[in-house]
Amino acid sequence: MSTPVGSIPRSDVDLFSEAVMAAPYSQFRALRDAGPVVYLDRHDVFAVARYQEIRHVLREWKAFSSADISLNKPFNDYIGEGIIRADPPVHEALRAVLSARLAPHGVRSLEPEINRRAEEIVDHLLAQGSFDAVTDLARRFPVEIVGDFIGLPKSGREALLELVDANFNCFGPENDRTLASFPRLAELAAYVMSSARREDLTEGSMGRAVYDAVDAGRIPAEVAPWLVMAYVTAGMDTTVHALGHMVWLLAEHPDQWNMLRGNPALVPQAFREVLRHESPVQVFGRTGRIDWEIEGVTVPAGARLAVLYGSGNRDERRWADPDRFDVQRSNADHLAFGYGLHGCAGQALAILEGEAILRALLAKVSHLEAGTPVRHFNNVLRGLKSLPVTVTGN
């Protein structure tokens, strides 16, 4: 232990073990009940598991730095001054390059094409009758949409999901999963350097806009390929896991599916409820810059925090009956996209994708039946590896 703990509650739970990651919610509740912050002995980090405290930490970026967004130092050093670790004004300069394109009004023009592609893939799967909702749907759709939006060459995209998954593993503590993923960072870097160059990206794409910002003197040339890749890594695997959970939850809750079929206007709430109930991102790190006084205890300046998004989205202090999947729930302020300065820049696009698939399913499918899901284990992401599904058309 390297950080003074004082009277702060402690836990020896390993949140990154497969046993806990398979069913984390009872452990999350135990942490929430123990206190507003709980010291995790195994990882020398303070868990922030309650909704209000998570919002506070994410909002107060001057008090809680993103410098330790990963829970291990080697990966934080590897990221350097990337957009997800940077403070203003560097963060503002990098985010401004694409903020207009990624805003809700910026992606609105993409909606007809995304809807068309969603209907096309659902038509294809419906014709099959039975398929794997992860490998045949969730792992396919975001790669095509995000890849085209950024302007990446079609060749080579097939390897991206595995590399991005390894990248997300490296945000965890220095455990076996992280150590096994470190060598794959070189493969991801090689992809960036060979496929995210100006000449490789489609004219008029979001990726080319990054290089336009270089030409305009708004960002240094050396950060351009890494900024392109930051949006690729953030925008694919997270949406994959959201789509996989969406199909699973709706198949497991036929009353909610039938309610949606009767009232498709609930689609935005329903997709948000998927994100709240099974948050694709479960945890990111922060570092306290000041002593944090909270409910009679002090988290010392310099302490590393594990901010548990997935726990905050199940906090009974914020949500009535939080473990219930309810497509009518008022859930606009869920934490799945983060909050504050480093809130997900691509959330409008992710919402378009999720809602498009859901509307296509509602328009064409009367009944969903899911087999046994196989869980995928990643240090910070929650998702499925496989989900057999049978569908019946209208």
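Reader: In which crossing, left-handed or right-handed, does α14 pass α15?

Author: This is a predicted model, in which local features need pLDDT of at least 70 and side-chain atom pairs count only at pLDDT 80 or more, while totals for chains, interfaces and linings use all residues. Residues are numbered from 1 along each chain as its sequence is written, and side-chain values use heavy atoms, with hydrogens and water left out. A crossing is left-handed if the near helix is turned anticlockwise from the far one by less than a right angle, and right-handed if clockwise. Here α14 passes α15 in a right-handed crossing.

Reader: At what angle do helix α14 and helix α15 pack?

Author: Helices (H or I, at least four residues) and strands (E, at least two) are DSSP runs, numbered from the N terminus. Axes are lines fitted to C-alpha atoms, for helices over the stretch in contact, and angles run from 0 to 180 degrees between N-to-C directions. Helix α14 (residues 206-215) packs against helix α15 (residues 224-235) at about 150°, and their axes are 9 Å apart.

Reader: Which residues in α14 and α15 meet?

Author: Contact means heavy atoms within 4.5 Å. Met206, Gly207, Val210, Tyr211 and Val214 in α14 meet Ala224, Pro225, Leu227, Val228 and Tyr231 in α15.

Reader: How many residues of α20 are buried?

Author: Buried means under 20% relative accessible area, exposed over 50%, and partly exposed in between (1.4 Å probe, protein chains only). In α20, 13 of the 18 residues are buried, so this helix is mostly covered. Helix α20 (residues 347-364) reaches 26 Å from its first C-alpha to its last, close to the 26 Å expected at 1.5 Å a residue; the expected span is 1.5 Å times one less than the number of residues.

Reader: How many salt bridges does the count come to?

Author: Side chains of opposite charge can pair when their charged atoms come close. A salt bridge is a side-chain nitrogen of Lys or Arg within 4 Å of a carboxyl oxygen of Asp or Glu, and by this rule the count is 35. One of them joins Arg50 and Glu295, at 3.3 Å from N to O. This pair links distant parts of the chain, 245 residues apart: Arg50 is in the loop between β3 (45-48) and α3 (51-59), and Glu295 is in the loop between β7 (292-294) and β8 (297-299). Arg50 counts as buried at 10% relative accessibility, whereas Glu295 is exposed at 56%.

Reader: Where do Arg184 and Glu187 lie?

Author: Both belong to helix α13 (residues 184-195), three residues apart, about one turn of the helix. Arg184, at 30% relative accessibility, is partly exposed, and Glu187 is partly exposed at 38%. Elsewhere, salt bridges that share partners join Glu113, Arg116, Arg117, Glu120, Asp148, Lys154 and Arg157 into one network.

Reader: Which residues does a cis peptide bond join?

Author: The cis bond joins Pro88 and Pro89, with omega about 5°. Pro89 is in the loop between α4 (73-79) and α5 (90-96).

Reader: What is the phi of Glu295?

Author: Glu295 has a positive phi of about 50° although it is not a glycine. Asp321, also a residue other than glycine, has a positive phi near 45°.
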